[in-house]
Amino acid sequence: MAAHAATSAQQDEQARYRESLAQELSRFIEARAAAMARVSPDVAPLMEAISGLVTGGKRLRALFCYWGWRGAGGEVLGRDAVQAGVALELFQGAALIHDDIIDRSDIRRGGPSVHRRFGQLHRDSRWALDEERFGQAAAILTGDLCLSFCEEAFTAIGSAAGSTTSARRIFNTMRAEVMAGQYLDILEEVVGPGRPRNEAVAAAANVIRYKSAKYSTEHPLAIGAALAGADEELLAAYSRFSLPLGEAFQLRDDVLGVFGDPQTTGKPAGDDLREGKRTVLVAYALERSTAEGAALLERSLGRQDLTDDDVERLREVIATSGALDATETLIERLSTRAFEALGELTIPGDVRTALQSLGLAAVQRAA
């Protein structure tokens with residue numbers, strides 16, 4: 001997989017897109033915050049939570065959308081591509097808020113997750129009843145509000161995102177599949193302990209595809225292309241690149257969730273183990289470990305009280321089983337497939353280089 005760094009012109013274009021996206025997001029949220037303030041000043045924390053969440057991040061989905069747009073003939077910094085990026089960032093915000101509640105995650109991007117922020121607000125304000133229940137309920141509503149806003153932002157694109165268009169079909173499919181994939185994820189946590197070991201990898205791979213891979217790379221790329229008028233042939237060719245790339249991206253995320261440096265990931269070391277995530281990495285470990293190692297892993301998954309020493313022992317089980325090497329091999333295989341497909345795409349060379357640079361950054365993140 002040869003690395004081709006984006007040129008200074010492509011980097012400049014991407015930076016200008018990110019700036020346009022940030023400005024439009026800021027305008028969108030400020031306008032909605034003003035409208036919500038007319039309901040009551042007490043709802044300001046909901047808008048502050050959304051603003052804080054969508055202000056940061058790598059903008060991965062929006063960037064794939066933009067280069068998908070450009071590869072299909074869309075103009076530089078086109079309005080529709082910026083507006084679609086706003087919708088994708090808001091959808092990502094909703095997904096993160098709800099995901100952190102489901103996973104009982106206390107930290108997001110190095111700070112308190114949204115439900116913990118609301119729990120802290122309850123505690124600091126000395127309000128009545130249970131702070132944890134309030135925090136979760138307020139975060140659910142914040143996530144729902146974010147979902148409502150993402151629909152509003154996408155609809156504002158206009159006719160190119162109308163009800164009968166390819167872009168609208170892909171956007172709707174993306175949102176539905178993420179919910180289904182999230183359910184499969186929590187289902188696997190409770191069904192997984194009774195599943196035959198030789199079925200665990202396939203089940204985990206299906207979760208990856210629908211919970212993350214499609215909405216991280218495949219659908220955003222296709223949405224941008226569809227908004228620019230791409231035909232089904234180009235959309236299918238984009239998918240051959242973006243789907244294996246998205247799967248490799250999530251596998252890398254799963255490796256970082258166990259072996260990553262908290263300074264890099266913004267989450268505690270081994271957090272995926274405490275959350276009971278039955279990832280492909282874990283499935284490989286269960287399949288390949290000794291009976292003793294597999295039993296230890298099964299007993300430990302989902303335990304919130306795992307110490308750093310416990311996490312280190314589990315890391316050793318996973319690594320010595322060959323699961324880490326197997327996952328790295330799978331990441332490499334999927335990445336190779338993706339970049340070979342990228343090389344076959346009939347798109348401008350500068351867009352191809354930008355997509356390769358973006359893809360490499362997604363799958364080669366350091367632990």
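Biologist: Which residues make the nonpolar surface patch?
Modeller: Ile-102, Tyr-183, Ile-186, Leu-187, Val-190 and Val-191 make a patch of about 500 Å². A patch takes residues with over 30% relative accessible area and no salt bridge, joining nonpolar side chains (Val, Leu, Ile, Met, Phe, Trp, Tyr) within 5 Å and like charges within 9 Å. A salt bridge is a side-chain nitrogen of Lys or Arg within 4 Å of a carboxyl oxygen of Asp or Glu. Areas come from the Shrake-Rupley method with a 1.4 Å probe; for residues, only the protein chains shown count as cover.

Biologist: What kind of model is this?
Modeller: This is a predicted model, where local features need pLDDT of at least 70, side-chain atom pairs need 80 or more, and totals for chains, interfaces and linings use all residues. Residues are numbered from 1 along each chain as its sequence is written, and side-chain values use heavy atoms, without hydrogens and water.

Biologist: New topic. How many aromatic pairs are there?
Modeller: Rings of Phe, Tyr and Trp (its six-membered ring) pair if their centres lie within 6.5 Å; planes under 30 degrees apart are stacked, over 60 edge-to-face, the rest tilted. The count by this rule is eight. One of them is Phe-91 with Tyr-215, edge-to-face, at 5.6 Å centre to centre and 90 degrees between the planes.

Biologist: Where do those two sit in the chain?
Modeller: Phe-91 is in helix 4 (residues 79-103) and Tyr-215 in helix 8 (residues 197-227), 124 residues apart. Phe-91 is buried at 1%. Tyr-215 is buried too, at 7%.

Biologist: What about Phe-241 and Phe-339?
Modeller: They form a tilted pair, 6.3 Å centre to centre with 50 degrees between the planes. Phe-241 lies in helix 9 (residues 232-259) and Phe-339 in helix 15 (residues 323-344), so the pair ties together parts 98 residues apart in sequence. Phe-241 is buried, at 0%.

Biologist: Which charged end sits over the ring of Tyr-215?
Modeller: That of Arg-61, 4.5 Å from the ring centre. The rule wants NZ of Lys or CZ of Arg within 6 Å of the ring centre and within 35 degrees of the ring normal. Arg-32 also lies over a ring face, that of Phe-28, at 3.7 Å from the centre.

Conventions. Helix = DSSP H or I, 4+ residues; strand = E, 2+ residues; numbered from the N terminus. Buried < 20%, exposed > 50% of the residue type's maximum accessible area, 1.4 Å probe, protein only.
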